[in-house]
Amino acid sequence: MKIAILSRNKKLYSTQRLIEAVKIRGHQPVVVDFLRCYMNIASHKPTIHFHGKELSNIDAVIPRIGSSVSFYGAAVVRQFEMMGILSLVKSVGITRAQDKLHSLQMLSCKGIGLPITGFANRPDEIEDLIRMVGGAPLVIKLLSGTQGIGVVLAETKQAASSVIEAFMGLKANILVQEYIKEAKGADIRCFVIGNKVVAAMERKAKSGEFRSNLHRGGSSRLIKITPEERSTAIRSAKILGLSVAGVDILRANHGPVVMEVNSSPGLEGIEKATGKDVAGMIIDFLEKTAELKGKKTVRENTS
Ligand code: ADP
């Protein structure tokens, strides 16, 4: 197969590991910077051009799309889908996961445990908003933030109220969320491929910090997850329509709660913490999916 890895940077650990895994399995990798792709949205023959030429003979794509460029990235993936090319992760899943609020709404609809979460547009009723999510301490999050940037812990009602007012004054979209204190600055990243959690790690915040992001100085280690955590992660990925996902879970007193589902989870942290060949498992899964798609096409053409 000729497999296009849709990535902005060839040198990234995840991209490098996927290139290796593709080659080891006898396929041909090509790295495509999706922001440099342009497309012809035609009903009879949709195409994608890259570096002045039509991209052709691609059998499958692996999207590696960061949230800041997910609007354009999802459009490129959708175009590949329109051309009948298999994508490891569907564009609709990328679009849903990119919008934290939309994903939380979809997950809550299906009964997935979440921290109590509020969303508001105007600062008129901040006191009630704070009461609604259970009062201080609470976490305030910029909807557009990543890697822990724009995630604030407000210890008191007054602090919460000022932070909410400040963010709203800047016209920023924010979530106001119950603080899961008992998680003690740790969260669990479950790496889902298909119907399985293939690797899981605990990320722990450095001392004096509540955000466990590795980019914020957190550390990670292999962890054994409970059956409930496993099924929560698998169900969450499925609800958003993601065949590959990083599901971030907090251990609350009443069970696992999902913070976020990522459609392009990084490989470096999880492979280093668990010693597992996650890149290889992704390509194995892609091969199986391509085989099933091939069989389905043959069935459709002969029936
Ligand atoms: P980002 O997408 O920017 O990483 P997250 O929502 O994942 O933002 O939050 C960053 C970190 O902050 C999480 O990994 C977790 O450690 C901590 N955190 C986030 N929300 C909560 C919460 N409701 N209760 C306790 N800790 C939280």
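The model is predicted. Its protein chain is assigned domain 1 (2–96), domain 2 (117–179) and domain 3 (182–280).

**Extent of the interface**

- The C-alpha centres of domain 1 and domain 3 are 25 Å apart.
- Domain 1 brings 15 residues to the contact, and domain 3 brings 17 residues.
- About 1300 Å² is buried between domain 1 and domain 3, with 51% of it on carbon and sulfur atoms.
- On the domain 1 side, the residues that lose the most area to domain 3 are Tyr-13, Arg-17 and Arg-64, which together make up 36% of what that side buries.

**Charged pairs**

- Two salt bridges are counted between domain 1 and domain 3.
- A salt bridge joins the side chains of Arg-17 and Glu-271, at 2.6 Å from N to O.

**The domain 1 side**

- Helix 1 (13–24) and helix 3 (91–98) are the elements that give two or more residues to the side of domain 1 that touches domain 3.
- Of the elements on that side, helix 1 gives the most, with five residues.
- By residue class, the side of domain 1 that touches domain 3 holds eight nonpolar, two polar and five charged residues.

Conventions. Residues numbered from 1 in each chain as written. Predicted model: local features only at pLDDT ≥ 70, side-chain atom pairs only at ≥ 80, totals over all residues. Heavy atoms only, no water. Domains from an automatic or database assignment. Contact = heavy atoms within 4.5 Å. Buried area = accessible area lost by both parts, 1.4 Å probe. Salt bridge = Lys/Arg side-chain N within 4 Å of Asp/Glu carboxyl O. Helix = DSSP H or I, 4+ residues; strand = E, 2+ residues; numbered from the N terminus. Nonpolar A, V, L, I, M, F, W, Y, C, P; charged D, E, K, R; others polar.
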